[in-house]
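Take a walk through this model, one local feature at a time. Keep the coordinates open as you read.

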Amino acid sequence: MSAVNRLLQTLDDAIAQRRNAREVAFLRAERAVVLARLGEFDLVRPEVAHLRAGDQVRQHPSLEPWLWLAEGLADFYADLAGRAHGHVRRALALARTTRSARVLPLAAAWLAHLDFHARDDASAVEHLVLALDTAPADHHGARSRLCLVAAGMLHYAGAEAQAQPWYSQARIHAQAEGDGAALSSIMYNMALLRVVDVRLSAAFGMHHDEAALRRALIGTESSIYLDRSVSTRALSHHPPMQRAQLMVVSGQPAEALALYESHMAQAVAEGLTSSECVFLADQAWCLVELGRGEAALARARAAESAFLTATEPEDRALAHATLARVYARLGLGAVAAEQESRAECSLRIYQRRAEALRALMDRTAFRTPPC
């Protein structure tokens, strides 16, 4: 077992050594949470069902929030399922009711993560504050997650420099207990937001440089490597989508198209339906660049249909901007102008959210991480 998987090994060893049935049940529930984050869904769901069927839940109600958290994270890491939010919310409510001090800050931190994913920034900050107030300094799981969520929110809001100390604290806590899944998540989220920054800059003529592109490429490659090293199967087709987008920006259409053709269907199945419009628009641009005009037009039309599932304004902005370039190259000037107008509108929506989020974070305790 590698060092980055030390947390799972620690739990396995503790389970093997314990003889008290209650202690074993709680350790197995905590292990199920870790397995969910590693994408081992075939192991998580039977384990949760087994623990629910036993006597320990009836004798110790504080076990139940662990099981709801495991179920919620299994749903989230399988395909970003919306029901994960309800499950984690129930885990937090039960943790409060049963006064489960260890699971409460962890559930609060994860609920903040899901709130942010659902674009409920005020609720995300509220649950971050709860996690920060209730997680002891040595609760590395809760501290790592809340620091990562805070970093991601600041990064999304355009304050990557301000986010870096939070990323560092998240990494310190994850390394403290050898949590490979958390280390993978930190790398993935940082790389994802750097890709968004690079793409928006390239699409809308904002300031960017080759160094930013290199950082995003290195982060994406590191994310893929770390996923392999910790043997995570969760959302495994997401990082190749990041890499494909950077290939588009760096002028490598054939390489980008190959990545999309190899991974897009699985990535969408893993929950990236909001970004499907971006992926299809990128493919249309790659086909234009490769001189395949008819195929490009067909892919562009498919991208327009995919706006039905595009919920993120940054995704819509990028897809519309890319389609504007595609249609311009195909000689469809009026259609290109309409796409450009829609791109600017979506960009303003994204910028307003980012500005509001930055102000919200500045008003709370999340300017700098705790020691």
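R99 is exposed, with a relative accessible area of 76%; the cut-off for that class is over 50%. This is a predicted model, so the values here are computed from predicted coordinates. R99 sits in the loop that joins α6 (83-97) to α7 (103-117). Its backbone stands out. Most residues other than glycine have a negative phi. R99 is not a glycine, yet its phi is positive, at about 55 degrees.

R119 is not a glycine either, and its phi is positive at about 70 degrees. Look for R119 in the loop between α7 and α8 (121-134). Its relative accessibility is 38%, so R119 counts as partly exposed.

Now turn to the aromatic rings. A pair of aromatic rings is described by the distance of the centres and the angle of the planes. Searching the whole structure gives five aromatic pairs. One of them joins F76 and Y77: the ring centres are 5.4 Å apart and the planes stand at 85 degrees, so this pair is edge-to-face. The cut-off for edge-to-face is over 60 degrees. Both F76 and Y77 are buried. Ring pairs also bring in W110, so that F76, Y77 and W110 are linked into a cluster.

Another pair is formed by Y260 and F279. Here the centres lie 5.6 Å apart and the planes make 40 degrees, a tilted arrangement. Y260 belongs to helix α14 (residues 253-269) and F279 to helix α15 (residues 276-289), so the pair ties together parts that are 19 residues apart in sequence.

Helix packing comes last. Two packed helices are described by the angle between their axes and the distance between the axes. Consider helix α11 (residues 180-204) and helix α17 (residues 313-329): their axes come within 10 Å and cross at roughly 40 degrees. The two helices are therefore oblique to each other. Their crossing is left-handed. Which residues make the contact? From α11 come V196, R199, L200, A203 and F204. From α17 come E314, A317, L318, A321 and T322.

Definitions and conventions:
Residues numbered from 1 in each chain as written. Predicted model: local features only at pLDDT ≥ 70, side-chain atom pairs only at ≥ 80, totals over all residues. Heavy atoms only, no water. Axes fitted to C-alpha atoms, helices over the stretch in contact; angles between N-to-C directions. Helix = DSSP H or I, 4+ residues; strand = E, 2+ residues; numbered from the N terminus. Parallel < 35°, antiparallel > 145°, perpendicular 65-115°, else oblique. Left-handed = near helix turned anticlockwise from the far one by under 90°. Contact = heavy atoms within 4.5 Å. Phe/Tyr/Trp six-rings, centres within 6.5 Å; stacked < 30°, edge-to-face > 60°. Buried < 20%, exposed > 50% of the residue type's maximum accessible area, 1.4 Å probe, protein only.
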